[in-house]
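Subject: Structure for your review

Dear colleague,

Please find below the structure that I am handing over to you. My findings follow directly after it.

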Amino acid sequence: MPTAENKKRTLKERARALAREPKGEAPAGEEIEVLEFQLAYERYGIESSYVREVYPLKELTPVPCVAPFVLGIINVRGQIVSVIDLKKFFDLPEKGLTDLNKVVIIHNHAMEFGILADAILGMRRIALRNVQPSLPTLTGIREQYLRGVTPERVVLLDAGKLLTDESIVVREEVES
Amino acid sequence: MKWFLNLTMRGKLFVCFGLIFALFAGVIATAYTGIATILESQNRLYKEDFANVRDLMALRANYNGMRVLMLEAQLLSKRTEQDPLLAQAAERSKQIDGITLSLLERAKNDPNRLSRLEELKSVWQAFAQTKDAEIIPLILAGNLAASRQFAVGVQQGRAQKIRAIAEELGKASEEGARLGLAHAEQRANQLFGIFLFVGIVAVAIGIVLALSMARVIAGPLRELSRIADLVAAGDLTVNMARDHRADEVGVLSQTFRRMVESLREVTGNIREGINVLGSSASEILAATTQVASGAAETGTAISQTTTTVEEVKQTAQVSSQKAKYVSETAQKSAQVSQTGKKSVNDTVEGMNRIREQMEAIAESIVRLSEQSQTVGEIIATVNDLADQSNLLAVNASIEAAKAGEHGKGFAVVAQEVRSLAEQSKQATAQVRSILTDIQKATGTAVLATEQGTKAVDAGVKQSTEAGESIRILAESIGESAQAATQIAASSQQQLVGMDQVAAAMESIKQATTQNVAGTKQAEAAARNLHELGQKLKQLVERYKV
């Protein structure tokens, strides 16, 4: 059993650790703030300026006759938002949907939709200097949407390209 | 003659010897009478005739001697030489007086002779008178010539007269003796004739008797000896005629015949018997040889058996000790089993209490399980809240980022909120995992209590059964203890018995050693018997039946 003195010391150490100024990670150079989330076993990041909000995946309604990457639509406080599953793009293994899945709603001035995330890891500041370009082995749509990889192996997605990509816009008519 | 044959041998001998004895008695009687007669005549001859002759001879001799002495004295002149001669002459004169008296005495029955002797006596007395009265004094006086005168004169005539009478008497006596002798000879001749006759008759009768006895006794005996010779040579085939004589010879021949017959029968039987004996002796020899080898094997076997019995004895000793130990142990076990019975009864009661407690535990755990279910629902709610808080914090961060430089402080707050949400989430995760463990544990506990209840039920049942079993076991152990005690006693007796058996085996071993020696001797004896049988066979082969 920790004694009262031990408790006090431990608490003081924690307070000191919290009070410490975060060390200047990269005072020089441009920094961006990204939202980090998890897809399958990989961590991905999206620039926070494109993120509107994070919402739990509730009451997903599947939409028929759409591409496989379109999971369905959800109701966010009265607004209908479509949800896209990036795993289909990146050939990641499916894990199945639960209540714990989250939706990251991204937007720009013209477009707004949700990206399915397995878990939200939090906000992070990343120095662009440290971001390495994407691997040359990656080709196709992956190369198109990736901005780079951080030393912490967080894959930085290019939300602007995602939002402006015409290929993910569903434009299909069902002949009656 | 038939009656004589039928007479017994004794009778025959009595008859024969009686006859001979009678003859001898006759001979002896006649001889006795004859010899008595001869003796009588001889006696008379000696006493009378022979004595007379002798006395007369003596008289004449003394007379002549005296006369010579007198004449010699007359021739000699010395007195010293004359005296001894005269003394001798006087001596002779006295003898002549004595002889004359005896002659007179003997001749009392014969008158003729007596007269002559009286005459002789008178002449002699005259002579003696002259001699003593005249001649001797003349001689003594030395007048030899005068004495010679007397001697040649008167004395000469007297001397011739005495000589003549003496000669006459002597001749008469000789004649008498000759007559006596002739009579005795005649008598003796008569007796000789009688002896001869009687002796011849006796010899003739003796010869006849001897011949008849020989014919009656020796003939059959010779025949019997001939047959006996044949039998001795081994020929038993002879047949003897039946004889019906009643005497000993007849009986002898009858018995001899029966003897030969029985001998024949017996020899036949003996031959068969000896054949059987020979084969039997061979078989006995073989059997005895086998028995001897068997006895030797038996000896070794018994030696081994004795060793084994010794080992068994030691084993029995060990068994006895063990049995004693087992008996004591069984007594202890009986006590222990009694204790065990009580313990099992206590155990049954304890198991019943355990069952009650297990039921209480089961109820408690079921309640606990329900409550942990409620706790799980609460945790789910808290987790949901933490999740939402997390999302809110992220959204707040995003909003703070949108606010730019002004939202920086808010971003810190949002960060803290998020970290709190994260912590509460982790805490709920921990609580959940703990709860999961608790739920698993309670599930396991429920199962375990159910199984425990069942196990306790089974335990109660089993302990009851065990109690019953231990009760039976206690009884069994009691019986076992008694049995072990009996076994201990038995094994003690067995040990004693084994001792006796060992001693007996030792005796048997010695006896077997003696047996082996004995059977060897028996084998040698059987061999001798076998050889004896063979010899007997050869011996019996000689007899013809």
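Ala524(B) is located in helix α8 of chain B, which covers residues 408–541. Please bear in mind from the outset that this is a predicted model. Within 10 Å of Ala524(B) there are 13 other C-beta atoms, so this residue counts as partly exposed; a residue would need 20 or more to be buried, and 12 or fewer to be exposed. Ala524(B) and Thr289(B) are 235 residues apart along the chain, and 9.1 Å separates their C-alpha atoms.

A second pair of this kind involves Thr329(B), a residue of helix α7 of chain B. Thr329(B) has 15 C-beta neighbours inside 10 Å and is therefore partly exposed.

Helix packing in chain B

Two helix pairs in chain B deserve a description. In the first, helix α2 (residues 9–75) and helix α5 (residues 144–152) of chain B have axes that come within 9 Å and cross at roughly 155°. Because of this angle, α2(B) is roughly antiparallel to α5(B); the cut-off for that term is an angle over 145 degrees. The crossing of α2(B) and α5(B) is left-handed. On the α2(B) side, the residues that meet the other helix are Met70(B), Leu71(B) and Gln74(B), and on the α5(B) side they are Leu144(B), Ser147(B), Arg148(B) and Ala151(B). Sorted by class, the contact of α2(B) with α5(B) comprises four nonpolar, two polar and one charged residues.

In the second pair, helix α4 (residues 111–141) and helix α6 (residues 154–233) of chain B pack at about 155°, and their axes are 10 Å apart. It follows that α4(B) and α6(B) are roughly antiparallel to each other. The crossing of α4(B) and α6(B) is left-handed. Residues of α4(B) in this contact include Arg113(B), Leu120(B), Val123(B), Trp124(B) and Phe127(B), and those of α6(B) include Arg158(B), Lys161(B), Ile162(B), Ile165(B) and Leu169(B). By class, the contact of α4(B) with α6(B) has ten nonpolar, two polar and six charged residues.

Chain A contains four helices and ten strands. Their order along the sequence is α-β-β-β-β-β-α-β-β-β-α-β-β-α. Of the 176 residues in chain A, 22% are buried. Among the contacts in chain A with a separation of 6 or more, 57% are between residues 24 or more positions apart.

In soluble globular proteins, nonpolar side chains tend to be buried together. The largest nonpolar core in this model has 40 residues, and those that touch the most other members are Leu35(A), Ile46(A), Val104(A), Ile106(A), Ile115(A) and Leu157(A). Helix α7(B) supplies the largest share of this core, seven residues. Leaving aside residues up to four places away in sequence, Ile46(A) touches Val34(A), Leu35(A), Val51(A), Val104(A), Ile106(A), Leu157(A) and Ala159(A). A second, separate core has 19 residues, among them Leu56(B), Met70(B), Ile99(B) and Ile139(B). Met70(B) is also one of the α2(B) residues that meet α5(B).

Backbone details in chain A

Two residues in loops of chain A are worth checking in your viewer. Glu59(A) is not a glycine, yet its phi is positive, near 55°. Glu59(A) sits in the loop between β3 (51–56) and β4 (70–76) of chain A. With 9 other C-beta atoms within 10 Å, Glu59(A) is exposed.

Arg77(A), likewise not a glycine, has a positive phi of about 50°. Arg77(A) is found in the loop between β4 and β5 (79–84) of chain A. Is Arg77(A) buried or exposed? Arg77(A) is exposed, because 7 other C-beta atoms lie within 10 Å.

With kind regards

How values were computed
Residues are numbered from 1 along each chain as its sequence is written. Chains are lettered from A and ligands numbered from 1 in the order in which they are written. This is a predicted model: local features need pLDDT of at least 70, side-chain atom pairs count only at pLDDT 80 or more; totals for chains, interfaces and linings use all residues. Two residues are in contact if their C-beta atoms, placed from the backbone, lie within 7 Å. Axes are lines fitted to C-alpha atoms, for helices over the stretch in contact, and angles run from 0 to 180 degrees between N-to-C directions. Angles under 35 degrees count as roughly parallel, over 145 as roughly antiparallel, 65 to 115 as roughly perpendicular and the rest as oblique. A crossing is left-handed if the near helix is turned anticlockwise from the far one by less than a right angle, and right-handed if clockwise. Ala, Val, Leu, Ile, Met, Phe, Trp, Tyr, Cys and Pro count as nonpolar, Asp, Glu, Lys and Arg as charged, and the others, Gly among them, as polar. A nonpolar core is a set of buried Ala, Val, Leu, Ile, Met, Phe, Trp, Tyr and Cys residues joined through C-beta atoms within 7 Å.
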